[in-house]
Amino acid sequence: METDELLINMGPVHPSTHGVLRFKLRMDGEMITDCEIVMGYLHRGTEKLGEMKTYLQVLPYTDRLDYISAFPNNYAYVKAIEELAAIEVPLRAEYIRVLVMELNRIVNHLVSIGSLLMDIGAATMIMWGFREREKALHLFEMLCGARMTFNYIKPGGVREDLPEGFMPKLNEFLKEMEMRINDYEQLINSNEIFKMRMKGIGVITAKDAINHGLTGPALRGSGVNHDIRKLEPYSIYHDLDFKACSRPEGDSYARYMVRIDEMRESLHILRQVADTMPEATVVSSSKYGVAPMTGVPSTVSTYFPRIFTPPAGEVYSRIEAPKGELGFYIKSDGTTKPYRVKIRSPSFCNLTALSWMVKGLKIPDLIATFGTMDVVLGDVDR
Amino acid sequence: MLYSGMWTGDTMTNAYELIINILTAIGVYDTIFGVFKSYGMEFVLKLIIVLVTLAVLFGFVLVTVMFLTWMERKVAAMVQSRYGPMVTGPRGLLQPVMDGIKLIGKEDIVPAKADRFVFNLAPYLAFVPAILVFVPLPFGESLIISDLRVGLLYIIAISALSPISILLAGWASNNKYTLLAAMRAVAQDISYTLPLALTAIAVVMLTGSLSTVDIVNAQSGTWFGIIPKWFIFLQPLAFILFLIASIAEMGRIPFDFQESESELIAGFFTEYSGMKFAMYFLAEYAHLFAVSGILVTIFLGGWNGPVLPGIPVVITSLVYFILKTYAVVFFAMWLRDTVPRIRIDQLLNIGWKIMIPLALLNLIVTGFLITAGVMR
Amino acid sequence: MVPNEIFDNYLPVALLTIIGFVFVGISLFMSRMVRPSNKTDEKLSTYECAEAPIGDARIHFNIQYYMVVLVFLIFDVVILFLYPWAVRFKDIGALGFFEMLIFIEVMIIGLAYAWRKEALEWLQ
């Protein structure tokens, strides 16, 4: 029987597009025959702003890229500057950076899994996830006074040392989190409906995943064991014992499971970091760093000059953010402002593959697949 | 006496006669009846008494619905380790009242492209069947509006009306989301009406009556003095099938395709606002309570329970019924907060390829067992 | 007095139907008395996630549940026939049961046929 195509707008104001994303769906009944992704509703011109501001002024803007996990954004930018200007970073600062980034990875995956479950109709997980996230956010607040936009990792170190009483609270959190992850698995993994909804849905093979440029858990869910923490160890990751989690199936369930596994790995990393945290200054001793005044405790440190001129040159530096490969390309012309800042954001790369993945699926599958891609619109539109 | 069906008889069979008995007990009935008879208007008296029973039912349903919306939030809050509504009234108990006041004051929007007449008609058709289901529902010993001879069939038939209002609302809104949601909801409702009707047949075979009162009476007493003679023990498979089908019938997670808010905004009532939306809301929760009550009536012994000396059986039976029904309602709410939504094609597959064959099997096995004299 | 009994039994149903309609009507009327009315073109446009709707919703689109509905119609009628039988089941004894078994058998064959012909499958 001849039937017309149904054209549907999904988004920008839709409960499960995680912000202002718009799908233009061409439907045959409930079947998606074509999906066009319209981005840009949250475009704020971060990259262009990067050219107008000094190096240090760009840093707060990176918080607003992937606002769920701002620490890795800070770090990716800072790492690029440090590579550009060859700034030495003290060991304790690196430990603190890894600590907050891994905490942030847990937070990110909690939000990701929670909203995935919310999208497919189970509202409980997001509440549970936010309950634990809240505890992590308290830790962040202790650290830098902010809960989401931290601006904490600075070139040459971190803004402040760990406050008093941070470590006991962290250990408490780690202990609780271990138990909570088991709770989540009990709630979600043993649920037949969840498996029905996720298994075999939104399958992308390893080859296609690479061709479409997927990164992060989405790529590792397809069996490609690609983790930049392993491939190009940065910071202190080469000293830490952890494994890159991957699953061979390539479906939504695999991507979800990778996130659960990664939370466990992050806990493992965090425990190591907490145990081996060195007692030292968080301040860089390199020529760009300004040593703290004598007699002032190391917690109060203004070590990085506001006006900072790195040598001319360009650098691309990438890290494994919770959502995948986050890269910053910075070109310096030797002035106080970057000549160009280009952000390679994981959400954007993962999102572009989605329209290809959902062809022939149904709207509920689109939502489930989209949920497992873990996209934050601030990161997509920049 | 003019109308034999209700006026005579030693035992009370419905709320109407209960009222007459109470009036007789306090000694005013004969006077009132005499007054009405002197004007030749016995029928008016009858009408008034029936209206009183209906008003009580209506009030009960409205209060229950309000309570259920509060309970839904509280149960969700309990599961999700948060408080839920706490500000209005003690522990947020007055929240539904505030919601109602808010909804009354909301602007009513009929989309320009909508079919106005059908759009306005649909809330009526959603609400009326939801309340009609309560007529043959036995709330307690003699606490029933009307013991219809075809009670069970009536309930199934009235429940089957709800897809009509959904389809009308979905189509009249002229919105793609509402249309898709309406199509889904109708496919789901009709697919799950079949197992519902088929499993109910097995119970009818045991009782030999479609009357809800007879079904409840057949479940009185115990086996070996401890196990109550509820049909859940005779028909465990039918109970499970009926439970699943009735949750689908209520349109709740994991089968909430009429709403599926994360996919289709708000399902078929996306375009509704203000009081029209409130009518759907009322109907949904009234339906939740009614279907739970039917489940209790058919499988969980209705208002049967241990008789307490000194308390009129009318009261104890009402309490038992309410308790059991709330247990089922709680289960439905608990389920909602635990499981995700199933996909529509999976839902249809389960309905047609698992539930209906199992219901047919259950029917045949029950027939065999009754014929062989094993099950009575 | 059967007609009277039917009348007595269904009087509440009829009254409740009227009460239901009246209740909805009064609620909507009350709401009309107090609610604001400030209609704009934007507000009255069809909701499609804050974008201008593309095309019309009432198009000739693929209803994939069509076969399901057809099969349902048949089965629902068949099931209706089972009710009178079930009510009298204990009176008609074994013969009645086996007679009806044939009927149910036909129904099962029908279901199996629909299944085999993929009428229950997701239509493309």
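## A helix pair in chain B

In chain B, helix 6 (residues 116-132) and helix 8 (residues 162-172) pack with their axes 8 Å apart and at an angle of about 160°, where axes are lines fitted to C-alpha atoms, for helices over the stretch in contact, and angles run from 0 to 180 degrees between N-to-C directions. Helices (H or I, at least four residues) and strands (E, at least two) are DSSP runs, numbered from the N terminus. Helix 6 of chain B and helix 8 of chain B are therefore roughly antiparallel to each other, given that angles over 145 degrees count as roughly antiparallel, those under 35 as roughly parallel, those from 65 to 115 as roughly perpendicular and the rest as oblique. Helix 6 of chain B passes helix 8 of chain B in a left-handed crossing; a crossing is left-handed if the near helix is turned anticlockwise from the far one by less than a right angle, and right-handed if clockwise.

This is a predicted model, in which local features need pLDDT of at least 70 and side-chain atom pairs count only at pLDDT 80 or more, while totals for chains, interfaces and linings use all residues. Residues are numbered from 1 along each chain as its sequence is written, and chains are lettered from A and ligands numbered from 1 in the order in which they are written.

From helix 6 of chain B, Val118(B), Phe119(B), Leu121(B), Ala122(B), Leu125(B), Ala126(B) and Pro129(B) meet Ser162(B), Ile164(B), Ser165(B), Leu168(B), Ala169(B) and Ala172(B) of helix 8 of chain B, with residues in contact if their C-beta atoms, placed from the backbone, lie within 7 Å. The residues of this contact of helix 6 with helix 8 of chain B divide into 11 nonpolar, two polar and no charged (Ala, Val, Leu, Ile, Met, Phe, Trp, Tyr, Cys and Pro count as nonpolar, Asp, Glu, Lys and Arg as charged, and the others, Gly among them, as polar).

## Chain B as a whole

The secondary structure of chain B comes to 15 helices and two strands. The radius of gyration of chain B is 22 Å, close to the 21 Å that the globule rule gives for 376 residues, so chain B is as compact as a globular protein of that length; the radius is taken over C-alpha atoms, and the rule is 2.2 Å times the number of residues to the power 0.38. Buried residues make up 54% of the 376 residues in chain B, a residue being buried if 20 or more other C-beta atoms lie within 10 Å of its own, exposed if 12 or fewer, and partly exposed in between, with C-beta atoms placed from the backbone.

## Chain A

Chain A has 14 helices and eight strands, and 55% of its 382 residues count as buried. The axes of helix 2 (residues 55-63) and helix 3 (residues 70-85) of chain A come within 8 Å and cross at roughly 150°, which makes helix 2 of chain A roughly antiparallel to helix 3 of chain A. The crossing of helix 2 and helix 3 of chain A is right-handed.

## Contacts of chain C

In the contact between chains B and C, 55 residues of chain C touch 65 residues of chain B. Helix 1 of chain C gives the most to the side of chain C that touches chain B, with 19 residues, and by class that side has 37 nonpolar, 10 polar and eight charged residues.

The contact of chain A with chain C takes 14 residues from chain A and 12 residues from chain C.

How values were computed. Contact = placed C-beta atoms within 7 Å.
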